[in-house]
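Student: Could you take me slowly through one part of this structure, the sheet and what packs around it? I am new to it and would like a careful, connected account.

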Amino acid sequence: GDSMATTIEDKIALFTKVLIERIEQDYAEKREKLTRYYENRKSEIIRDYEQKKKNSVDNATRNATVKKQQMISKAKSDMHLAVLKQRRKFVERIIDEVKKEALSFAETEEYTKFLQEAIKKVNSKFSNDQFVIFSFSPNDIERHKDMILNTIKLSRSEDNFKIEEAKSISGGVFAKTSDDSLEVDFTIDTIIEESRKLAGEILSSRLGEGWQNVESR
């Protein structure tokens, strides 16, 4: 499983590295603004209640303190939600960009190499006596049929596989045994889904730190 995983990660990295950096910067600036806004609101709330406290008797002071705490924690959780919402928006933006990238990637020389490698890797996951059904996008079957056939035939005899067209695939290869006992997914679509997770993780780990700081103040 390992060698395949690294290739998928390489591809994800290729698609997302630049995009994530660009978006992170954008995001960091927005988070700065949010943070400042909520920090100010917090100070206002506090000032407000310090004022009231001065003008009031003990009982009112106790209420004001409780109220102040409530309002501060509301300001904090508002901010937390705002940050989370922002993060989700960015992840969606990254994925949209990645999808566009993937479409143009499918038109390149590099993609042909990627597809060939993908077929070899996928093929190696099955034993020689298993009958394997390989699925490709209609576009790939049209444009790369010979390469696909020849690459599979390098390591699998002709009576041990068949090729199918799958409209749900936009690139890469999906393969399974005829009895469904094993399937290997090396499609662009899955790589993109993986990058959604990756983008989310990158944004939360790198950008989460700033949020932690706000929280502890």
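Tutor: Two strands are said to pair if DSSP finds at least two bridges between them, and the elements themselves are DSSP runs numbered from the N terminus, helices being H or I of at least four residues and strands being E of at least two. This is a predicted model, in which local features need pLDDT of at least 70 and side-chain atom pairs count only at pLDDT 80 or more, while totals for chains, interfaces and linings use all residues. Residues are numbered from 1 along each chain as its sequence is written, and side-chain values use heavy atoms, with hydrogens and water left out.

With that in place, look at V132, which stands opposite T177 in β3. Strand β1 (residues 132-136) and strand β3 (residues 172-177) pair in the antiparallel sense over 4 bridges. They belong to an open sheet of 4 strands in the order β2-β1-β3-β4, with mixed pairing. Its edge strands, each pairing on one side only, are β2 (161-165) and β4 (183-187). On average, neighbouring strands of this sheet are turned by 20° against each other, direction ignored, where axes are lines fitted to C-alpha atoms, for helices over the stretch in contact, and angles run from 0 to 180 degrees between N-to-C directions.

Helix α3 (residues 109-123) packs on the sheet and touches β1, β3 and β4, contact meaning heavy atoms within 4.5 Å; the direction of helix α3 makes about 15° with that of β3. Helix α4 (residues 138-155), in turn, lies across β1, β2 and β3 and runs at about 170° to β2.
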